[in-house]
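This report concerns selected local features of a protein model. Please examine the sequence and the coordinates before reading on.

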Amino acid sequence: MRLGTRKLLDRSFSGLGLLAIALMAAAALIILVPIFRRGVGAYVFRGTVEHRRLLMEKFDQGPRKKVSAEVEAARSAREPIYTMLSTFKAELKEMPYKDRRAYRDSLREVTEGIAELLGPAPDEPVPVMPRLQYGQTRWDRARVKLEHVLTVETWDYSNPDAMGVLVRHPRQAEFKGTSLEPLFEYVETHLEEMLLPRRTFYWRFLTNRPLDAHIFGGILPEVLGTLYLTIGAMLFAVPLGIVAAIYFSEYAREGPLLRILRTCVGTLAGVPSIVFGLFGLAFFINTLGVSHSKSVLAGALTLGLLVLPMVIRASEEAIMAVPRTYKEAAMSVGAGRWHTVLTVILPAALPGILTGMVISMGRAAG
């Protein structure tokens, strides 16, 4: 092959390799950027006064005097809304039954939308569930709820050859000529005064406890639970896995028993995790009585069994990859088999064993 042709081929293959790397990087960015943006949104967002009030009342966090002043300012801005609703309800009682029936459903939707947007009215009893005690805690969600208050969504199925089309009608037209008509314009123009959005860095998302089915608060119990379960699983699986790998590679003789044991390890590696979960429930809790109900210890033992085959296989491969000359040199100077394994083979196989531990830890945490 000519030198020029070889250089051209080398440059072509190098260009294809760089193109493949660029394509993989672009694909990774396309996948990871939305995940990263949504993840950052848990910490950095425009929080409303409802968010600051929730942190003050439920977690005792934030400047109490400043938040209390903001809450009072927001309530003053919301007062005209509740006045208009009360006036219209009184006006509704004087209407004929036919008109009351026509306005009843629309008024209920408006009242529920206002409650979702701003929280319960001052004259209403405080709901039990935290999600009903507060309005929208984030400005982006408040804008979405505002659309539900201002518009009515209907579907147009007039075209039989196409799917239904979403049509939005202004809800203000339903209350034209009533005392409730100015409410919709007031909500739209004074929404910022009623919710007081402000750029927020919610770093306590990692340290606060969850509240109301994880709608509010942070993820501290989940983080601690993951750490406890992962560490507990590795404390159980790593010693057993390394001992089993040493037995398979250094002590066991080739035969039917060894083949059966290797088959069992390989089978366990392919068992679905739900099966391990059911086994942990039946064996560790119902049979051994590790705890009366779900517990971190039972979960850690179950996850230890889940990752045990992976630890065994990775450790065995790492031990078998150590050159036999290491073992022969150690035994030639009088070292015993166990002393050789402990002081020569295991240190040489440690990088491979650690790799298997990290992979197993990732599966346990997942």
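Is Asp-212 buried or exposed? The model is a predicted one. In it, Asp-212 has a relative accessible area of 14% and is therefore buried, since the cut-off for that class is under 20%. Asp-212 belongs to the loop that joins strand S5 (210-211) to strand S6 (216-217). His-214 is located in the loop between S5 and S6 as well. Both residues have a positive phi although neither is glycine. The table sets out their values.

| Residue | Phi | Relative accessibility | Class |
|---|---|---|---|
| Asp-212 | near 60° | 14% | buried |
| His-214 | near 65° | 51% | exposed |

Helix H9 contributes the most, with six residues. Leu-227 is a residue of H9; with a relative accessibility of 44%, Leu-227 is classed as partly exposed.

A straight helix of 29 residues would span 42 Å at 1.5 Å a residue, whereas H14 spans only 36 Å between its end C-alpha atoms. H14 has a kink of about 55° at Leu-350, shortly before the proline Pro-351. Among the buried residues of H14 are Ile-345, Leu-346, Ala-349 and Ile-353. The buried residues of this helix pack against helix H9 (220-251), helix H12 (296-320) and helix H13 (324-332).

Note on methods: Residues numbered from 1 in each chain as written. Predicted model: local features only at pLDDT ≥ 70, side-chain atom pairs only at ≥ 80, totals over all residues. Heavy atoms only, no water. Helix = DSSP H or I, 4+ residues; strand = E, 2+ residues; numbered from the N terminus. Expected span 1.5 Å × (residues − 1). Bend = angle between axes of the 7 residues up to and from the residue. Buried < 20%, exposed > 50% of the residue type's maximum accessible area, 1.4 Å probe, protein only. Contact = heavy atoms within 4.5 Å.
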